[in-house]
Amino acid sequence: MGLSILLGVSKLTRRDALGAGLALLAGCASPSPGGAGFRIAPFSADVTPPIGHPLLAGLCLPAAEIADPLFAKGFVLLGGSAPIVQCAVDWCEIRNESHDRWRAALAEAAGTTPTRVLLSCVHQHDAPLGDLEADRILRAEGLPDRITDPEFHERAVRATAATARKAVSHARPVTHLGLGRARVEQVASNRRTIGADGTPRHDRMSACRDPKLREQPEGTIDPWLRTISFWDGDRPLVALSSYATHPMSYYRTGKVSADFPGLARRKRQEEDPSVLQIYASGCSGNVIAGKYNDGSPEMRPVLAERMHRGMKTAWESTERRPLERVSFRAASLRLEPRGAPGFTVAELEKKLDPATPANQRVLAAMGLSWRKRADAGYRLDVPAIDFGGAQIVLLPGESYVEYQLLAQELRPDQFVMALGYGECAPGYIPTERHWEEKDSNLNDWCWVAPGAQPAMTSALREALRSP
């Protein structure tokens with residue numbers, strides 16, 4: 001069955017697109033041939049939390065040790081109508097008001113608008129989660145749970161914005177775009193497996209010790225790691241790599257870590273210090289390393305080496321082309337909030353009680369933080385940078401890998417890098433098939449209602465300008 005049929009692309013109508021509330025914001029830069037007039041400002045800031053800070057919104061142990069530092073890495077692309085910012089943060093998620101604050105600060109630093117800031121998280125679990133409103137909700141109820149330390153959050157935002165602002169003053173010319181890709185072997189696998197009775201299961205996790213689940217096929221994944229690089233003549237300046245998998249080997253340890261993608265990125269950085277290495281996770285809400293990872297500490301360097309091999313091979317396969325134009329578009333996406341039993345505002349508020357288990361209180365606060373915005377008609381951005389022949393598109397939340405594959409199918413004529421974990425407030429964003437199969441991962445970390453698939457598809461069509 002073709003992916004377009006699976007996702008219902010062929011059934012979209014003009015009414016579907018209008019119903020999704022899509023609006024197009026465009027900016028096009030067309031400097032002289034060869035890319036003259038384009039400049040890039042790479043930046044990197046340390047955003048490691050202090051000891052004691054909550055990890056994964058307090059659902060992991062608080063930070064007790066720094067296994068390795070966390071970074072916010074990105075670039076400002078200048079030239080044309082307005083600058084564009086891309087930034088990937090080694091945090092689990094950045095949501096709601098926190099997402100607004102990060103984008104506003106980076107936009108101000110770069111001299112652009114928040115819409116033109118592609119902010120995403122790598123999604124490591126032994127890392128902070130930013131949701132200022134959810135933390136405020138817990139504090140207002142006098143509950144002991146904490147999600148985000150506002151003071152640390154603001155320090156991280158300002159530090160990242162300051163490095164971006166400084167980088168802009170030293171921006172380098174960009175004349176060429178590099179495109180490379182490589183298969184990553186024995187890392188990604190889908191959560192979905194088939195049980196002994198022939199029915200689908202969705203319980204293969206990032207760390208999986210069940211031999212029967214590990215024996216199952218990889219399932220639906222995108223096996224390709226993609227790298228887009230920016231060059232000044234024959235001198236590389238920035239490399240942005242992306243691969244679709246949850247970035248966890250072992251976790252919930254209290255040891256702050258960038259996990260195996262961070263280790264792979266660091267090795268690439270050490271191999272060529274003059275090129276800023278950025279890593280951004282692809283759409284991988286339902287993709288994990290579980291088939292190849294038993295959760296033992298020994299597996300982290302093994303997975304890191306496999307990821308590093310993919311990064312290096314993609315780099316070695318890079319083909320350069322003159323950067324002659326850059327266009328920016330952002331589709332406006334409406335995702336309806338989930339109102340099923342257990343997810344109504346009244347039920348979420350009821351969970352803000354000392355007698356309720358702590359994890360449920362935290363999840364309720366995050367759900368209420370999202371509902372406050374969604375109920376007011378909030379729309380998310382689906383931004384895309386179009387380089388002519390290659391595009392970067394950013395999707396919200398834990399979008400399932402089917403949307404990444406769809407993005408590539410919508411523009412088979414182009415090199416499409418789809419990133420996930422943009423505005424993370426919606427949580428998991430599955431396809432309709434996952435609702436029908438009663439995907440067990442949707443029991444808690446999903447705050448959007450069934451029916452998001454047509455809106456997501458329309459937004460991708462608009463952002464990518466699919467014919």
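Which residue of β15 stands opposite isoleucine 228? Keep that in mind until the second stop.

**Before you start**

This is a predicted model, in which local features need pLDDT of at least 70 and side-chain atom pairs count only at pLDDT 80 or more, while totals for chains, interfaces and linings use all residues. Residues are numbered from 1 along each chain as its sequence is written, and side-chain values use heavy atoms, with hydrogens and water left out. Helices (H or I, at least four residues) and strands (E, at least two) are DSSP runs, numbered from the N terminus.

**Stop 1: the sheet with β2**

Select β7, β5, β4, β2 and β9. In that order they form an open sheet of five strands with mixed pairing; two strands pair if DSSP finds at least two bridges between them. Strands of a sheet pair through backbone hydrogen bonds, either parallel or antiparallel. The edges are β7 (117-121) and β9 (172-173); each has a single partner strand, so one side of each lacks a neighbour in the sheet. Now show β2 (residues 39-46), which runs antiparallel to β9 and is joined to β9 by two bridges. Arginine 39 is found opposite proline 173 of β9.

How far apart are the axes of α3 and α5? They are 8 Å apart, and the helices pack at an angle of about 25°. The two are therefore roughly parallel (angles under 35 degrees; over 145 is roughly antiparallel, 65 to 115 roughly perpendicular and the rest oblique). Among the residues in this contact are Trp102 and Ala105 of α3 and Ala161 and Val168 of α5.

Tryptophan 91 lies in the loop between β5 and β6 (93-94), and tryptophan 102 in helix α3, eleven residues apart.

**Stop 2: the sheet with β14**

Select β17, β15, β14, β10 and β19, an open sheet of five strands in that order, with mixed pairing. At its edges, β17 (276-281) and β19 (319-322) each pair on one side only. Strands β14 (residues 224-232) and β15 (residues 235-243) pair in the antiparallel sense over seven bridges. Here is the residue opposite isoleucine 228: leucine 240 in β15. Helix α8 (residues 299-316) packs on this sheet, touching β10 (176-183), β14, β15 and β17.

**Stop 3: α11 and α13**

Select helix α11 (residues 401-410) and helix α13 (residues 452-464). Their axes are 10 Å apart, and they pack at an angle of about 40°. The pair is therefore oblique. Tyr403, Leu406, Ala407 and Leu410 of α11 meet residues of α13 including Met456 and Leu460.

Terms used. Axes fitted to C-alpha atoms, helices over the stretch in contact; angles between N-to-C directions. Contact = heavy atoms within 4.5 Å.
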